[in-house]
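Visitor: I'd like to learn how to read a few features of a protein model. Could you walk me through them?

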Amino acid sequence: MMAARTYSRRSVLRVAGGLAVASVVGMGCAEEPENSFDPLLELVDGPEAWRRLGADWLADEDQSRKAAEIIARLRADVGETKDPEALRLLLARRIEADYAASRMGRVNDWILSETEVALCALAGRRRRR
Amino acid sequence: MLLDGRRLVAGETHQAEICIVGAGAAGITLALELSAKGHDVILLESGGFETDAATESLNDGSAEGSQPSPGKDYLRLSRSRLVGGTTNRWEGWCRPFAPLDFAPREWVPHSGWPIDRQQLDPYYERAWQRLRSDRWHADVAADSRLAESDQLFSTDTPFRTIFLHRPPPLRFGTFHQAELVASPKIRLFLWSNAVEIVTNQDATAVEAVRVAVVDGPSFRVSARYYCLAAGGIETPRLLLVSNAVQAAGLGNRHDLVGRYFMDHPYFESAGGLVWLGHQRALRRLEPRELRPDYLTVGALAATEEAQREHRLLQTCIGLQWNDIPEFADGIGALANMLSTKKSAPVTTSVGTTLTCEQSPNPESRVVLTDTKDALGVAQVRLQWRLSDVDNASLRTWIILLAREFGRTSRGRIATYFDDDDPWRDVLPSAHHMGTTRMSDAPERGVVDANLRLHGIDNLFIASSSTFPTGGLVSPTPTIVALAIRLADHLAGKMR
């Protein structure tokens, strides 16, 4: 049987009962000003797969519009945290909290927390530059 | 005793206490149970002990659905017309239906059996013996023993690992051939196709079964009791074509015969899992031989409480070790880096299969067509239709699973389902159920709790066609358990 890995790529699970995978839509992926040292961007400068995940996802216009909103929320929570380990822990806890609250989105078939979606989007944007 | 229908005299009537139509798991079980109690049985089988092309062609028909389509050859490929019936294709997985399967569930329209699991338990015990499956392996008790060390999640989550068990698949025809041939109480008519159920003038009692042979004679069987054990498609077909007295078909006053067809929707490639933990925990779900020729495999299913809370149908995922989803490495690295666990977890990536229960749907049905088979009997068209209840359950279940893996930092889930077309790649499991459903009242079903057709004194059905809901697992053990229960009931009536 065919592994349908492409057809659902840009789809987002819709509301299902009390559990919803947030339709991660809405904000343009306008280039945001990049600080000389951006701990989030440093953090997502990891495996090529993240950039590909994010780039594919951002290629969808609807998803791209939403990305900035999610990233903005993430940046607000991160604030001035620059220490890599503190940032890692903050994000790890935020991810668990996202899942617990069903704040999830779908990126290239993967159902991820909103925080992870934002990180993938950041990684994807780096690739587009 | 064996009789070859091709060599019988046309126009004769053969008599017995009980006439059983179909020598599959249900028919053979029923015949053996009743003959052991001293009753005289005629067992009608469409084929012989080997597959025969002309006989198999009697299975031809069409299969369709607005969504999904099971494929044009489904009716032929999912059944076997020979002694042993579809056990000749059975993989052999043994597990009883769960207690919740029998209960009315307000989130599953038309759910609820007129009997409960507790009533069926003694018959399951006897079914395991017939299926040569140890109770320890076959029953849910096995889960608690295996589960202590094998659970992926702790007990406060909505998911549990369940285990399916497979003794060497029992081919009923081959396994019981000598017993059937030697029995002085069973007359097994081979190559003998029931083509019509003949009733009295007001269709309150069956008087005979009309039997036809491809390029051979026609004859009749007359009995005190009759039992249709021809599976989820042939059983409603035979009732629908038996329309000499009731124009809509026998037992079909409420237009229920053939409706509520259910299968177990199955996805061979449903998505993937990145597991954050020791690989050995995940490996416990792999097929393994706990003893020679006895396979056990794990699957992840929602608890009964979660099914209630989130209005879920029964659903489970299994693992596909050679079907790793795209981006799994990247997802694993991301999850690994951002884990709250003190030591970095090991990541393992696997593909997933998914199997789910189908909700009873009156629009999912078997209907007659104008095309006739070689015996002049109308062929059927199967319209397999999944409903909004199925859609909602599938979506919720997947999201819940992804949430739990993420919330507990145990992993990440990928899904290949298309939002607009979630059933696009679904496969049927060849488990034909529901088309002559069991109910307390004739307005809601075709047979009563004793499997007797509502309104007909001496006609019974032993088949998965009587299941009001289909659970998650192979129907064969439950078919056998119900057949044993019916044998006890009929023996009681004939005392």
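Visitor: In which sense do β4(B) and strand β16 of chain B pair?
Guide: Strands of a sheet pair through backbone hydrogen bonds, in a parallel or an antiparallel way. Here β4(B) and β16(B) (residues 378-383) run in the parallel sense, joined over three bridges; two strands count as paired if DSSP finds at least two bridges between them. Glu64(B) stands opposite Gln383(B) in β16(B). This is a predicted model, where local features need pLDDT of at least 70 and side-chain atom pairs 80 or more, while totals for chains, interfaces and linings use all residues. Residues are numbered from 1 along each chain as written, chains are lettered from A and ligands numbered from 1 in written order, and side-chain values use heavy atoms, without hydrogens or water.

Visitor: What is the strand order in this open sheet?
Guide: The order is β4-β16-β15 in chain B, with mixed pairing. β4 (62-64) and β15 (365-372) of chain B are at the edges with a single partner strand each, so one side of each has no neighbour in the sheet. From one strand to the next, the twist averages 25°.

Visitor: Which residues of helix α8 in chain B are buried?
Guide: Buried means under 20% relative accessible area, exposed over 50%, and partly exposed in between (1.4 Å probe, protein chains only). In α8(B) (residues 172-182), Phe172(B), Gly173(B), His176(B) and Leu180(B) are buried. They lie on the same side of α8(B) because they cover an arc of only 95° around the axis, taken from the directions from the helix axis to the C-beta atoms. On the other side, Thr174(B), Ala178(B) and Ala182(B) are exposed.

Key. Helices (H or I, at least four residues) and strands (E, at least two) are DSSP runs, numbered from the N terminus. Axes are lines fitted to C-alpha atoms, for helices over the stretch in contact, and angles run from 0 to 180 degrees between N-to-C directions.
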